[in-house]
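Subject: Two-chain model, handover and notes

Hello,

Here is the structure I said I would pass on. My notes follow below it.

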Amino acid sequence: MLQDEDDVQDQKYRWAASGYEKSWEAVGEDDSGRIEPSITEMIQKARRRRLLEREASVRLGIMRHVFIVLDMSQAMTEQDFKPTRQICTLKIVEEFVKEFHDQNPISQMGLIMTQNKMAKRCSDLSNNPHRHIEAIKKLMDAPCRSEPSIQNSLEVALASLRHLPRHTSREVLIIYAALTTCDPGEIDATIQKVKEANIRVSVIGLTAELRIAKEISQETGGTLSVSLNDLHLKELINEHLEPPAASVKMDHTLIKVGFPHQVNIDAKSALCMCHLDDLPSLNTRGYYCPQCTAKYCDLPAECRVCGLMLITAPHLARSYRHLFPLKHFSEQPVEESPASHCYGCLKNFTSSSADKNIYICETCQQVFCFSCDIFLHETLHSCPGCASNPSISQYKES
Amino acid sequence: MTGDGSVLVMVVDVHPQMAEQPEYIHSYLNSVIAFANYHLAFSRMNKVALIAANHHETRFLYPQPTGEKVDRQKDGRLEYLNHVDESIAEELKDMMCKTQSVKQTESLLSGAICRALLYTKRLEEEETIKKKLNSRILVIKISTDTGSQYLNYINTYLSAQKIGAAIDVCVIGSDCGLLQQGADISGGYYCCLQDVSELLQSLVMMYQPDIATRKKLNAPPPESVDYRAACFCHHTLVDMGNVCSNCLSVYCRTVPLCSTCDVIFQTDRPVMKALKRKK
């Protein structure tokens, strides 16, 4: 049931897991008697390591359809994650939902919860984060009851994901606290069905590794991980922000999309189609579907009338960064720096003792400080040095 | 006005094509420097940075990496303003002397905006009490646009939106759809001027108030922004297009294979068959 021998040796206890938490051992005074730099260095190392772990894959499943299965059984009421497993997990998932839609604009997400031996869809597949967040808010107050069911959850996800076009990447992410599952039938049959439908199932356990979870993730090509503490759980969930490599079975097709016009000022006021349920007021701001001229107040959206996918050019470009990631910069100690200051933010390397290393873009040979390096790779995704060099930016173009 | 002061990073286009008319360049640079002074003089807490971009490089005009030095007072002017002006003039001269032959018609503004973002981010981090800095970026553009820096531009807009720095855009001459998108995404103003003589007035009237204050003012209504994508085959803007599911290239009509990533597209028929078999 537990992990392999090697794994157990690698995994440390919570109090020994991260350098962070035994910082009293690692903290030392620097020449000026300050202790801040040594802590900063620790944080720096951890963040950069995470960036380096990411690898660019050739073909990615950019159009993702993800169902998150949340365990809402009795096991979620335990208090080993503060305040409870339920609140802790839901808070992390809420952050994840926001970040997911920001980084994967043409992808969709849905929520399923399982309790009482049943599974229920909390929110349908959609690319509107507000609905999911509302659903999560409701779950925060919901009672956790009885046992969960993996099979039922998979069946519910399967029912929605099966009919999607074949070029999409279909994923299920199960966040599971219980050590049991209460299933109505043979779960192997369901796993086979899931596998045939080309759905990738990943499981994140809160307590321990389950054999059935391992089997599901192995069969379907997903990942299995068990969290040590709340920080680790967040890390594990956030790993699913990046689109996975495209599976071999995936077809490639041309997808028809619409680029809507913004409604001009002298247009007649109309109801927006995305908020029809909440009785919106008539207004003139929004975007028209180019096929059926239905109005939407926010993009991206799927046209409710004609089913056309409505996006803008920047949304497409936002996904390009997964396809053309910024190369890693090489690390050098600050003493060997060819420049006296950071190219991006003009920070002087000599004055700030927190900077022990500098980072050099290998394409344009410009020097950056640590915080710029992180910002460029986590947020900006393009190098200002390369963008300011006519020969490189032209080379990129061709 | 908020009492905390605001940070203004000006990204100034100094493409050599402006040097064709001497009065033009004089009026242009004067307006830019006057506006920088205006912003600094407005509040003790205000900060300014200038980044210039031409077809060849981008460069910080003020502040300089070597650090601050405040000179003696001259002509009864505030020492600080004098220092800013001198620093700008010095760097500009140096930059223009190094300029080689002009092949590109476009300035490297996207690189300059990248640096502006990094600079604002640093100021925010250095703030002792962690609070939201009131920062914005003002892009003044004169050169023509080719769209070759598209990806860099979009990356900067999305990051600006994420860190909450607005990008204001003031274009002199022809309209620039790409920068207009940036202003719209990040929540700044966009304005297209016909002549350089209008520059200073527009800057002071429209771009001086910070983002919080603007809500209380009546700005001209924003023009509708064209968010259509250009197709990869003919480079024309399309209303409805086809997107490759692998690399997201845009095509204006159905093509059998993607020219960017060499993927062969499945036509509709086999897909339908496969679905039927499953049922």
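In this predicted model, strand 7 of chain A pairs with strand 9 (residues 240-244) of chain B; the two run antiparallel and are joined over five bridges. Within that pairing, G258(A) sits opposite M240(B) of strand 9 of chain B.

On the chain B side, strand 9 of chain B is also joined to strand 10 of chain B, in the antiparallel sense, by two bridges. There V243(B) faces V250(B) of strand 10 of chain B. Both pairings belong to an open sheet of five strands with mixed pairing, in the order 11(A)-12(A)-7(A)-9(B)-10(B). Its edges are strand 11 (301-302) of chain A and strand 10 (250-251) of chain B, each of which pairs on one side only.

The interface

The contact between the chains draws on 49 residues of chain A and 56 residues of chain B. On the chain A side, at least two residues each come from strand 7 (254-258), helix 11 (313-323), helix 12 (370-380), helix 13 (384-387) and helix 14 (390-397). Helix 11 of chain A has the largest share of that side, with nine residues. By type, the residues of chain A that touch chain B are 22 nonpolar, 19 polar and eight charged.

Annotated regions of chain A

An unreviewed entry gives "zinc finger region: C4-type" for residues 289-306 of chain A. In the model that stretch is 0% helix and 22% strand, and its end C-alpha atoms lie 9 Å apart. UniProt also has "domain: VWFA", again from an unreviewed entry, at residues 65-245 of chain A. Residues 65-245 of chain A are 40% helix and 23% strand, with 14 Å between the end C-alpha atoms.

Chain B

Chain B has eight helices and 10 strands. Of its 279 residues, 41% are buried. Among contacts in chain B with a separation of 6 or more, 63% are between residues 24 or more positions apart.

Helix 1 (residues 22-42) of chain B has 21 residues, so at 1.5 Å a residue it should span 30 Å; the end C-alpha atoms are 30 Å apart, in agreement with this. Which residues of helix 1 of chain B are buried? They are Y28(B), S31(B), V32(B), I33(B), F35(B), A36(B) and H39(B). An α-helix has 3.6 residues a turn, so residues three or four places apart point the same way. The buried residues of helix 1 of chain B pack against strand 1 (7-13), strand 2 (47-53), helix 2 (79-98), strand 4 (135-141) and helix 6 (199-207) of chain B.

Nonpolar cores

The largest nonpolar core contains 114 residues, and V11(B) and I51(B) have the most contacts inside it. Helix 3 (residues 109-126) of chain B contributes the most to this core, eight residues. Neighbours within four places in sequence aside, I51(B) contacts V9(B), V11(B), T58(B), R59(B), F60(B), L61(B), A112(B), R115(B) and A116(B).

Regards

How values were computed. Residues are numbered from 1 along each chain as its sequence is written. Chains are lettered from A and ligands numbered from 1 in the order in which they are written. This is a predicted model: local features need pLDDT of at least 70, side-chain atom pairs count only at pLDDT 80 or more; totals for chains, interfaces and linings use all residues. Two residues are in contact if their C-beta atoms, placed from the backbone, lie within 7 Å. Helices (H or I, at least four residues) and strands (E, at least two) are DSSP runs, numbered from the N terminus. Ala, Val, Leu, Ile, Met, Phe, Trp, Tyr, Cys and Pro count as nonpolar, Asp, Glu, Lys and Arg as charged, and the others, Gly among them, as polar. Two strands pair if DSSP finds at least two bridges between them. UniProt positions are given in the numbering used here, feature names are shortened, and annotations may be inferred rather than shown by experiment. The expected span of a helix is 1.5 Å times one less than its number of residues. A residue is buried if 20 or more other C-beta atoms lie within 10 Å of its own, exposed if 12 or fewer, and partly exposed in between; C-beta atoms are placed from the backbone. A nonpolar core is a set of buried Ala, Val, Leu, Ile, Met, Phe, Trp, Tyr and Cys residues joined through C-beta atoms within 7 Å.
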